[in-house]
Structures are given as C-alpha cells and as structure tokens.
Amino acid sequence: MADFEQKVQIIQLPKFLDERGNLSFLESGKHIPFKIGRCYWIYDVPGGCLRGSHAFKTQQEFIVALSGSFDVVIHDGVEERRYSLSRSYYGLYLPPMHYRTLDNFSTNSLALVVSSAGFTEEDYIRDFDEFIREVRK
Ligand code: TYD
C-alpha cells in the first residue's frame, strides 16, 4: 500500500496525454489508499439539485468528476470546506466520518464514487446533528 495520509485530500491520477484522446486510471492501494469494494456514479442531476448529505461510519471514498463539474462540501465536525472538482485526472479522497454533500452540478456532469465497501444502509449517518454528536465523541 502506498504511503498516503488518511485525511481529506486531492489526489492526482496518472494522465497519458495522447492526440487520439487522453487516458487516466486508478488502482486500489496504489493511487487511492484503500481496496475498492464498489463503484457507483451520479448523473443526469437536474440543475440546483443536491446529492449526498450524509457521512459514512466506516467507508472511505474517492470522488472524481469524470465529466463536467460539481462541488463536494465536507464537514469534519469542526469546520466546513468546499472542493470543486472539474477534471477527470484528479479526485477527492474522504476518510470515514466526514459529512459530505455534492452540489453545484454542471449540465451533463458525471460523478464517479469509488468506495472501500459494498452498499449498506447501516454505514450511513444521514442526520447532521447525529453526525456532530458522533464525531465529537
Ligand atoms: P444514496 O447514497 O442515499 O444517495 P444520496 O445520498 O445522493 O441521496 O443512494 C440512494 C439510494 O440508492 C439508496 O437509498 C439505495 C440505493 N443505492 C444502492 O442500492 N447501492 C449503492 O451503492 C448506492 C450508492 C445507493
């Protein structure tokens, strides 16, 4: 496993520029600091809509704007930060227990979420006040 800091960070991905079209990729443990358990993607988001608004108790995530742009708003229990994602050759790494919302989606944006685990509703904290109580314990 590469020596990553397990904190919120933008991670640059390999980028092969080619006149036939560019290529980027990621591998578990090499470009992101976890083993991939699941990928999902968010698309066709109507203007002004939000996605997310929850934290994960144990899952780690890596979020990439494969197309278009959107923002990821992250609260760590102390402060809120906004990250704008707009290129497919970098992404945002999120450790567990960060409350996150995706907003400001551009037309035709495509958000790829790479997660360290399969889907389980038990891993979600959807209520912000509950998140604050849990993260400050
Ligand atoms: P959810 O993560 O709640 O999306 P958002 O936080 O943006 O509202 O996902 C919406 C629904 O989709 C969820 O209730 C169940 C389903 N779902 C799966 O079945 N598997 C998955 O991997 C994901 C991400 C969602």
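C39 lies in strand β4, which spans residues 38–43, strands being DSSP runs of E of at least two residues, numbered from the N terminus. The model is a predicted one, in which local features need pLDDT of at least 70 and side-chain atom pairs count only at pLDDT 80 or more, whereas totals for chains, interfaces and linings use all residues. Residues are numbered from 1 along each chain as its sequence is written, and side-chain values use heavy atoms, with hydrogens and water left out. With a relative accessible area of 38%, C39 is partly exposed, a class that falls between buried (under 20%) and exposed (over 50%), as computed with a 1.4 Å probe on protein chains only. Apart from neighbours within four places in sequence, C39 is in contact (heavy atoms within 4.5 Å) with L112, V113 and V114.

Q59, found in the loop between β5 (51–56) and β6 (61–67), counts as buried at 2% relative accessibility. The side chain of Q59 forms polar contacts (pairs of N or O atoms within 3.5 Å; within protein, one must be able to donate a hydrogen and the other to accept it, and residues adjacent in sequence count only if both atoms are side-chain atoms) with the side chain of R38 at 2.7 Å and with that of D123 at 2.9 Å.

Q6 is placed in the segment before β1 (9–12) and is partly exposed, with a relative accessible area of 49%. Beyond its neighbours within four places in sequence, Q6 contacts P33, Q60, Y93 and P95; the side chains of Q6 and Y93 are joined by a polar contact of 3.5 Å, while the C-alpha atoms of Q6 and P33, 27 residues apart along the chain, are separated by 7.5 Å.

Notes. Helices (H or I, at least four residues) and strands (E, at least two) are DSSP runs, numbered from the N terminus.
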